[in-house]
2 protein chains.
Amino acid sequence: MHTDAVAWTADGTVRLLDQTRLPSETVFFDIDTIDGMVEAIQALRVRGAPLIGVAAAMGLAGAAKRGVDTGSIGREREAVGAWLQEACDILRQARPTAVNLGWAVGRMKTAAIAELARAPDEDVGSVLVDTLRQEAQRLWDEDAASCRAIGEAGAARFAAGSRILTHCNTGMLATGGIGTALGVIRVAHEQGKVQEVYACEARPLHQGSRLTAWELARLKIPATVIVDSAAATVMAQGRIDGVILGADRIAANGDVANKIGTHNLAIIAHAHRIPFYVAAPRSTFDLGAISGAAIPIEERSAMEVQTAAGVGVYNPAFDVTPADLITAIVTDAGVLEPPYENTIAEMFDGAVR
Amino acid sequence: MHTDAVAWTADGTVRLLDQTRLPSETVFFDIDTIDGMVEAIQALRVRGAPLIGVAAAMGLAGAAKRGVDTGSIGREREAVGAWLQEACDILRQARPTAVNLGWAVGRMKTAAIAELARAPDEDVGSVLVDTLRQEAQRLWDEDAASCRAIGEAGAARFAAGSRILTHCNTGMLATGGIGTALGVIRVAHEQGKVQEVYACEARPLHQGSRLTAWELARLKIPATVIVDSAAATVMAQGRIDGVILGADRIAANGDVANKIGTHNLAIIAHAHRIPFYVAAPRSTFDLGAISGAAIPIEERSAMEVQTAAGVGVYNPAFDVTPADLITAIVTDAGVLEPPYENTIAEMFDGAVR
């Protein structure tokens, strides 16, 4: 069965697995416009910080292909450039918290601008299409490789017989590969180290009990779902050897923005002296954010939290976990230890050289 | 509108507000058998530790009335005694964690046995009915008075402008009066001290977002619902001045069994140096439990936590919060401070003398 969260269609547009229908239905749908991609991102048909970046890149390429094929994007250099600019502006604003979206769109735009500058006037349309398609594929391939690298690095932190708690979804439904935190769990499972995975359901949208549970069942990894509020109970009972989860944005000081509930879990793990790991590729780091206070936190509709008439709802989709609650950050360039100001800076210094 | 959670019918049986239908529907139903009361308790049509005690007592009285009226309980002393014994045994096992149920049923039985011993043979049926009805009414009245005493004692702990976080439901839907923790909030609101109440939704059965929100809206107390996982966020944002919630059973050392998620909140409040209060009547204390480890924790159906096929569910309905995370326990006999081993023992010594 075809279950990639994202794929190319035969005609170069994008096919997504509609994650809002899981786990009861496995439904794919095709997107060939920027507006369609924005809708899919905002409605969470596609979600997960790395996957949003990959899907947006592929969606940009697919929309360019369709636009050039149909002639809705003009053939002139100026029209192509204007379309690229506007498409990138719209896409990067689809969701605020995950930094990978802006990062991926920026990389796509930079690549396209460079190639367009070299292209003869008569070829700008086809160069736009080819460049975006190649860069999107490169992004996807790199994200898959990142996931594998994170998985290998993180799995080394777990001993045989590990019982691991995770939150929200960070697997193949959240990335272009095997996942970040769930990729670590998957590699650790391949190494025979995983006794049990506890998956928090992740209110309000149940991305743990719907998506992570669905992935764990497919991978045949022993798994138990708990309500988010049962975290202290399973930790106090000695059922948890480590916590690992993903990130939507990591600040320069190591503060982590991630799915609402991450901060709860970090405090509770700390109180029980249980290691608390964050797993994310380098594209999730935002050195422009000095600390978590600089990260925009998306508030979603009150409709996601049903309640009685006459009361308000506060529904932040993410929270910020202070760096001092994080045991280590597992990246595609190795495992970072505190002090994160130093180790994060070193990681990016190395990459730049 | 009649909105008492429990009431007598004209013919001496019990009328309950079906809490599973709230907040969308306000539906009452009558119970005149022990089996009916057990079903109502197990299906959570009536819940909340103090209210379960009151409702079970009233249900016992109502079932006795109906049984004597219809002749299904024999007129002989032996038949009446056997019925009482069996009815009490069945009722007290309806749910395991809340101690108030066993306490209330035990008190009803003791009162009935004492009166039956004095009754002439020809009157045992009517004495059973009258005694149970009077004792149930006394229990209900006492619980209402307890709530008011808890409310007054607890409200003194809150200053003007307080923003208070609570969990699950502890109001008139959980007691025979204005509530325990929600009773404190109600009295503090009457005193003009409440700026905002944050109500956790309380997964998996949403007894916060369904029931507490419904009560707060009716009382016109400014209220905001959050998912349980947003607790650290609102505390870190400085939005919470104090946490107060109820209890299903309190051990002799001050450990508190309460709705799943209470332990999470206690740890998170402690990490933010926010006062964490528990409110409960003396009937919620179980001096037979040396610590929380001795309290049976009810696990409920996996069906309450929907997830993908192929994974397990662990669904404890309650957790145990260690006494050292609790700032004070507000009771109907005053506010207890640590060390709870001493203050709890003193409270019951005083009552016995």
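This is a predicted model: local features need pLDDT of at least 70, side-chain atom pairs count only at pLDDT 80 or more; totals for chains, interfaces and linings use all residues.
Across the interface of domain 1 and domain 2 of chain A, 18 residue pairs are in polar contact, both partners being at pLDDT 80 or more. A polar contact here is a pair of N or O atoms within 3.5 Å; within protein, one must be able to donate a hydrogen and the other to accept it, and residues adjacent in sequence count only if both atoms are side-chain atoms.

Residues are numbered from 1 along each chain as its sequence is written, chains are lettered from A and ligands numbered from 1 in the order in which they are written, and side-chain values use heavy atoms, leaving out hydrogens and water.

Where do the two domains lie in chain A? Domain 1 covers 6-147 and domain 2 covers 157-348, with bounds from an automatic or database domain assignment. Their centres, taken over C-alpha atoms, are 27 Å apart. One salt bridge is counted between them: the side chains of A:Glu298 and A:Arg95 meet at 3.0 Å, N to O. (A salt bridge is a side-chain nitrogen of Lys or Arg within 4 Å of a carboxyl oxygen of Asp or Glu.)

Now let's look at both chains together. A rotation of 180° with 0.0 Å of shift along its axis superposes chain B on chain A, with an RMSD of 0.1 Å; that is the relation of a two-fold axis.

How many residues does each chain bring to the contact? Chain B gives 46 residues and chain A gives 46, where contact means heavy atoms within 4.5 Å. Because 100% of the interface residues of chain B are also interface residues in chain A, the copies meet through the same surface. Between the two chains there are 2 salt bridges. In a salt bridge between the chains, the side chains of A:Arg203 and B:Glu201 meet at 2.4 Å, N to O.

Definitions and conventions. Copies are superposed by least squares on the C-alpha atoms of residues with pLDDT of at least 70 in both.
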